[in-house]
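Subject: Handover of a structure with its ligand

Dear colleague,

Please find below the structure that I am handing over to you. I would be grateful if you would read the notes that follow it with the structure open.

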Amino acid sequence: MVSRVIPVDPFDLVIFGATGDLARRKILPGLFRRFCAGQIPEGSQIIGAARSDMDDASFAEMVAEAIREFGGGRHCEDGTLDQFLSLLAYVPVDAMGSDGWQALGARLGDAPVRAFYFSVGPSLFGALAERLRQYGLADDDSRVVVEKPFGHDLASARALNETLACHFAEEQIYRIDHYLGKETVQNLMAVRFGNMLFEPLWNAQYVDHIQITVSETVGVGGRGSYYDRSGAMRDMVQNHLMQLLCLIAMEPPARFEPDAVRDEKLKVIRALDPVPPHHLVRGQYDAAEGAPGYRADVENPRSRTESFMALKCHISNWRWAGTPFYLRTGKKLRARASEIAVVFKDAPHSIFGSEAGRHRNVLVIRLQPNEGMTLDVTIKEPGPGGMRLVDVPLDMSFAEALGPDGEDVPDAYERLIMDVIRGNQTLFMRGDEVEAAWAWTDPLIEGWEARNDVPKPYDVGSSGPDDSLMLMHRDGRKWRDIRP
Ligand code: NAP
């Protein structure tokens with residue numbers, strides 16, 4: 001099955017920070033793949049902007065290299081790349097000064113859609129927004145895309161929202177959480193709200209608990225100084241895991257429209273109970289076999305920042321009262337895997353007796369690797385020898401379903417950028433959502449800072465600190481095995 005391409009209007013897209021890591025790894029290769037899919041219409045322009053002194057040709061060279069390195073696929077060599085490069089331009093611009101702004105204005109065309117992607121550090125968002133207005137580059141129809149992190153706490157997120165609001169209306173602001181652009185995440189909504197099968201069971205009466213895991217094998221990489229000021233709670237839980245939690249837990253919106261969906265997500269965040277300290281586990285990976293530990297990686301021998309976080313939380317509303325949600329995320333763990341598992345309750349009575357064992361339906365929504373969903377269903381083990389039960393997954397892998405090599409499954413960034421061009425904010429965070437998420441996480445962070453909490457060490461390649469296993473064990477449950 002080849003995915004259908006829905007045309008968009010011609011656009012002028014300016015990428016501030018076009019020479020940076022995110023632009024080279026995700027944004028520009030993503031735009032190229034949409035071009036290959038025939039989704040970038042004639043008359044569109046992609047303009048890179050950063051301080052580096054470059055002309056159009058050297059920018060195109062840099063972009064070609066990035067696309068080859070980060071997944072341009074088979075179209076890199078067949079002339080399509082050259083056609084794509086002809087859409088590009090580059091203007092040196094200083095976000096904090098006056099250099100380049102008039103030249104940038106002169107390069108902009110009159111395409112029906114004008115969007116500005118702020119792929120730069122958040123400290124530049126305000127300066128960019130202000131200058132876009134000051135130099136007349138943006139009007140009330142323009143769109144701005146802002147990257148994470150959106151604030152460091154509630155106060156800074158609020159200040160950022162206020163700064164952006166001085167120049168742009170909420171309908172013009174697209175706050176990216178790339179987890180929302182993943183095919184599986186949207187499929188979660190399709191499965192929940194497009195089928196009769198799941199929604200009647202989607203509540204405390206039938207769901208025993210929910211696990212959300214985002215496990216990474218990599219360490220902090222070159223982001224040590226940023227990460228050490230942030231930690232797993234701010235870097236992952238406050239945004240990505242919270243967004244997944246919202247989509248799993250929200251009420252059905254009346255329509256699949258931006259504010260209808262985001263209103264429901266906001267209600268979930270606001271219904272989250274505070275988390276007591278004994279439901280929080282913070283960890284930090286240890287040095288092992290010559291490999292440096294977290295503190296060496298971030299060059300801070302006394303760091304108390306967590307590279308692992310697990311927590312148990314509750315949503316106080318009618319649907320979820322009493323159902324625990326377990327969240328965990330960490331670096332340098334055993335496997336790279338992100339998934340949501342909805343674990344249903346046991347059948348009320350087993351007609352097969354205790355020797356048949358305990359069997360549960362588990363719906364697993366796999367975000368990576370190999371995006372897809374499985375539903376564990378209990379069946380009879382084939383063959384003679386009585387009624388032995390076994391759990392068998394009904395497996396739906398999107399790469400298999402959508403194309404032979406999975407190339408037809410668009411990357412999250414591709415989808416989100418096209419949504420910006422379409423003017424669809426459904427998969428972007430609204431300002432009040434981000435603030436509500438910080439309002440929930442801030443007291444947890446302040447709590448462990450006040451207690452001088454020291455994160456628990458864990459081995460590289462493990463599943464995190466033992467306390468995380470105990471968090472589940474105490475409740476008679478266990479984390480799903482995350483395998484390499
Ligand atoms: P980066 O590699 O440090 O790139 C920063 C970019 O900003 C460069 O192109 C830099 O180019 C430009 N820049 C810096 N100061 C500027 C100024 N005064 N005026 C104009 N341009 C300026 O950062 P990144 O990793 O691409 O990240 C960009 C944003 O995305 C950050 O907010 C980051 O948190 C977020 N993000 C990144 C990733 C990722 O995987 N990298 C993932 C999620 C979110 P010049 O030096 O030439 O000006």
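This is a predicted model: local features need pLDDT of at least 70, side-chain atom pairs count only at pLDDT 80 or more; totals for chains, interfaces and linings use all residues.

Residues are numbered from 1 along each chain as its sequence is written, and side-chain values use heavy atoms, with hydrogens and water left out.

The ligand

There are 21 residues around the ligand, and Thr19, Asp21, Arg25, Arg51 and Ser52 come nearest (a residue is near if one of its heavy atoms lies within 4 Å of the molecule). By class, this shell has nine nonpolar, six polar and six charged residues (Ala, Val, Leu, Ile, Met, Phe, Trp, Tyr, Cys and Pro count as nonpolar, Asp, Glu, Lys and Arg as charged, and the others, Gly among them, as polar). Helix α1 (residues 21–36) gives the most to the shell, with three residues; helices (H or I, at least four residues) and strands (E, at least two) are DSSP runs, numbered from the N terminus.

Polar contacts are pairs of N or O atoms within 3.5 Å. A polar side-chain atom of arginine 51 lies 2.8 Å from an oxygen atom of the ligand. From the backbone, a polar atom of valine 120 is 2.8 Å from a ligand oxygen, and one of lysine 148 is 3.0 Å from a ligand oxygen. The protein covers 75% of the 880 Å² of accessible area that the ligand has on its own (Shrake-Rupley method, 1.4 Å probe).

Aromatic pairs

The whole structure holds 15 aromatic pairs (ring centres of Phe, Tyr or Trp, the last by its six-membered ring, within 6.5 Å; planes under 30 degrees apart count as stacked, over 60 as edge-to-face and the rest as tilted). One of them, tryptophan 101 with tyrosine 135, is stacked, at 5.9 Å centre to centre and 10 degrees between the planes. Tryptophan 101 is in helix α4 (residues 101–107) and tyrosine 135 in the loop between α5 (125–134) and β5 (143–146), 34 residues apart.

The backbone

Most residues other than glycine have a negative phi, and most peptide bonds are trans. Lysine 148 is joined to proline 149 by a cis peptide bond, with omega about 5 degrees; proline 149 is in the loop between β5 and α6 (154–167). Another cis bond joins glutamine 368 and proline 369, with omega about -10 degrees. Glutamate 299, although not a glycine, has a positive phi of about 55 degrees.

With kind regards

Definitions and conventions
A polar contact is a pair of N or O atoms within 3.5 Å; within protein, one must be able to donate a hydrogen and the other to accept it, and residues adjacent in sequence count only if both atoms are side-chain atoms.
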